Amino acid sequence: MMAEAGRDFIRDIVQADLDAKKHSVIVTRFPPEPNGYLHIGHAKSIGLNFGIAQEFGGRCNLRFDDTNPTKEEQEFIDSIQADVKWLGYDWGKNLFFASDYFEKLYEWAEGLIRAGLAYVDDQSQEEIRQARGSLTEPGKNSPFRDRSVEENLDLFRRMKAGEFPNGARVLRAKIDMASGNINLRDPVLYRILHAHHPRTGDKWSIYPSYDYAHGQSDAIEGVTHSICTLEFEDHRPLYDWLLDKLPVPSKPHQYEFARLNLTYTLLSKRVLTELVRGGHVAGWDDPRMPTIAGLRRRGVPPAAVREFIKRIGVAKANSVVDVGMLEFCIREVLNQAAQRRMAVLRPLKVVIENYPEGQVEEIEAVNHPEDPAAGTRRVTFGRELYIERDDFMENPSKKFFRLSPGNEVRLRYAYFITCREVVKNAEGEIVELRCTYDPATRGGNAPDGRKVKATMHWLSAAHAKRAEIRLYNPLFTNANPDAANFTADLNPRSLEILTDARVEPDVAAPNPAEAMQFERQGYFVRDKDSTAERPVFNRTIGLRDTFAKEVGKA
RNA sequence: UGGGGCGUCGCCAAGUGGUAAGGCAGUGGAUUUUGAUUCCACCAUGCGGAGGUUCGAAUCCUCCCGCCCCAGCCA
């Protein structure tokens, strides 16, 4: 049932390299910058990198790309590790930081200067930008491009010593200001940043750029296949140039794949950060967020995320995956794993008129219809019950075969009941149903073989526990939300809170099973906001609902 | 209009010259004490377009069209 380990162009390359004996062991790495929480897009990269390491008997390093202290925080370093672990991946002892290599990177930079391949540029940021040219025009050489090695070395050392303010100078690679590839127009290797780094503190006042740090870090770690997203394709010539000029211990190769996009979802770090900062969601782990923390709190099992990652594949074409694909994977995993319980989200009282007042009985219910090993439990039946408001229609449409006046239905595991009377309040709202039951149908089958078209869930009014249930809908109303103006596409009904729901008593206990299916409703998990007197449940995902679809058509 | 990529079913995605995998969605049906699950069937004479090469082309060639990325001292 679970898909086989996928095959894709990157795995094909890895296999070919192995066949050609280019490497004895495959080394990959997942290199997040600790400037935010991980989201499902990162899960694709994690699944690819750790997956390849597993499948080909290699290893995958977790390396933090912490080269910009102005954006990075310990909180993110911690959350990222927790999220990768939760997804089910293990980097073992291979936890690294680009900042571990600052000393070596600096040494190599001096080497570049000595070789006449790098220079200190005194131009302002604006001047550098102007001189870079445009997409169609070549750039101009910096007036400082031909400084002597001695002067460059002196200046670079003083940059390191903290003698100059932020932005005063940069170290640039001397490549080609006329290159059609703008990344090769003397890219910045080091910038002055008087900033506190979460790991190196105030030791450094210059920091390497991504382009300078990344490939060299890969080389130091012996990474064989450095896998990143498409936007770095243009950086590969620079990646290779540096590896070629520097005395690195190994020669990694960079490969690029298309990042994940999902319908009704935005995955840019900028948008996610604004969603949190702007109070549009309750935090990085808000169950509506596409973050790993959000999915976890929502009740999505890690196996479902892994399954999803396998199913969507890896390619170079930009694409937008239907979020329905993720939902399918969640249901697939949960259907097998989740124990069944009954919960009434929007209660409607039912009084069984011919059931003896004060009488109560215990009825056996199975915990999982396809897994006898999950066992059974007892639910209490009595004269006063709650059923789902949606399960009753006073004037039923032709396709509605749940409860309606005069109609007989089955209460799951219990009895057949027939609706005899609808009780309304002064406003005309239905407040109670008077029904009768057939004692001969105990357990849910009629001895005379008579059939019923609907089976409904229910709860004893006296025994059910009150609970808060949170229903989640897509954060955006637009299948392809506008990242530049995302607030316009925000779904005002992304969160619906039901405060008067009822659940079986045991699910309200402090330590219920991880995920549960509330029968005929969907999959739910207990939320961390729960208290002893008020348990809270998140709806992870609803069940497939072809009836709702039918109603929608009409 | 410089450079780098990408275009195969509504959505993902295999395919690498021998006559279009698979999954999701959808549709029809069977089973069902969850309108769930499960099961079965259907769902691209067609591979962005036009030419060409070939016995044979999604795969090779030419031209064209469309989309994405790059002008941070972000990653």
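Me: Is the crossing of α4 and α7 left-handed or right-handed?
Reply: Helices (H or I, at least four residues) and strands (E, at least two) are DSSP runs, numbered from the N terminus. A crossing is left-handed if the near helix is turned anticlockwise from the far one by less than a right angle, and right-handed if clockwise. For α4 and α7 the crossing is right-handed.

Me: At what pLDDT do side-chain atom pairs count in this predicted model?
Reply: Residues are numbered from 1 along each chain as its sequence is written, chains are lettered from A and ligands numbered from 1 in the order in which they are written, and side-chain values use heavy atoms, with hydrogens and water left out. In this predicted model, totals for chains, interfaces and linings use all residues, local features need pLDDT of at least 70, and side-chain atom pairs count only at pLDDT 80 or more.

Me: How are α4 and α7 oriented to each other?
Reply: Axes are lines fitted to C-alpha atoms, for helices over the stretch in contact, and angles run from 0 to 180 degrees between N-to-C directions. Angles under 35 degrees count as roughly parallel, over 145 as roughly antiparallel, 65 to 115 as roughly perpendicular and the rest as oblique. The axes of α4 and α7 (residues 210-221) come within 11 Å and cross at roughly 115 degrees. The two helices are therefore roughly perpendicular.

Me: How many nonpolar residues are in the contact of α4 with α7?
Reply: Contact means heavy atoms within 4.5 Å. Between α4 and α7 it is made by Lys104, Leu105, Trp108, Ala109 and Leu112 of α4 and Tyr212, Ala213, Gln216 and Ile220 of α7. Ala, Val, Leu, Ile, Met, Phe, Trp, Tyr, Cys and Pro count as nonpolar, Asp, Glu, Lys and Arg as charged, and the others, Gly among them, as polar. The contact of α4 with α7 has one charged residue, one polar and, in the nonpolar class, seven.

Me: How is α4 oriented to α6?
Reply: The axes of α4 (residues 102-114) and α6 (residues 149-160) come within 9 Å and cross at roughly 160 degrees. That angle makes α4, relative to α6, roughly antiparallel.

Me: How many charged residues are in the contact of α4 with α6?
Reply: On the α4 side are Glu103, Tyr106, Ala109, Glu110, Ile113 and Arg114, which meet Val149, Asn152, Leu153, Phe156, Arg157 and Lys160 in α6. These residues divide into six nonpolar, one polar and, among the charged, five.

Me: How is α11 oriented to α12?
Reply: The axes of α11 (residues 302-312) and α12 (residues 323-337) come within 8 Å and cross at roughly 135 degrees. The angle makes α11, relative to α12, oblique.

Me: How many residues in the contact of α11 with α12 are charged?
Reply: Ala303, Ala304, Glu307, Phe308, Arg311 and Ile312 in α11 meet Met325, Leu326, Phe328, Cys329, Ile330, Glu332 and Val333 in α12. By class they comprise ten nonpolar, no polar and, in the charged class, three.

Me: Which residue in β15 stands opposite Lys349?
Reply: β12 and β15 are members of an open, mixed sheet of seven strands in the order β19-β16-β17-β18-β12-β15-β20. Five bridges join β12 (residues 347-352) to β15 (residues 384-388), and the two run antiparallel. The residue in β15 opposite Lys349 is Tyr386.

Me: How far apart are the C-alpha atoms of Arg410 and Asn445?
Reply: Arg410 is in strand β16 (residues 408-411). Leaving aside neighbours within four places in sequence, its contacts include Tyr415, Gly444, Asn445 and Met456. Arg410 and Asn445 are 35 residues apart along the chain, and their C-alpha atoms are separated by 8.4 Å.

Me: How many residues apart are Arg11 and Glu55?
Reply: A salt bridge is a side-chain nitrogen of Lys or Arg within 4 Å of a carboxyl oxygen of Asp or Glu, and the structure holds 56 of them. Arg11 forms one with Glu55, with the closest N and O atoms 2.7 Å apart. The pair links distant parts of the chain, Arg11 in α1 (residues 9-19) and Glu55 in α2 (residues 40-55), at a separation in residues of 44.

Methods:
Pairing = 2+ DSSP bridges.
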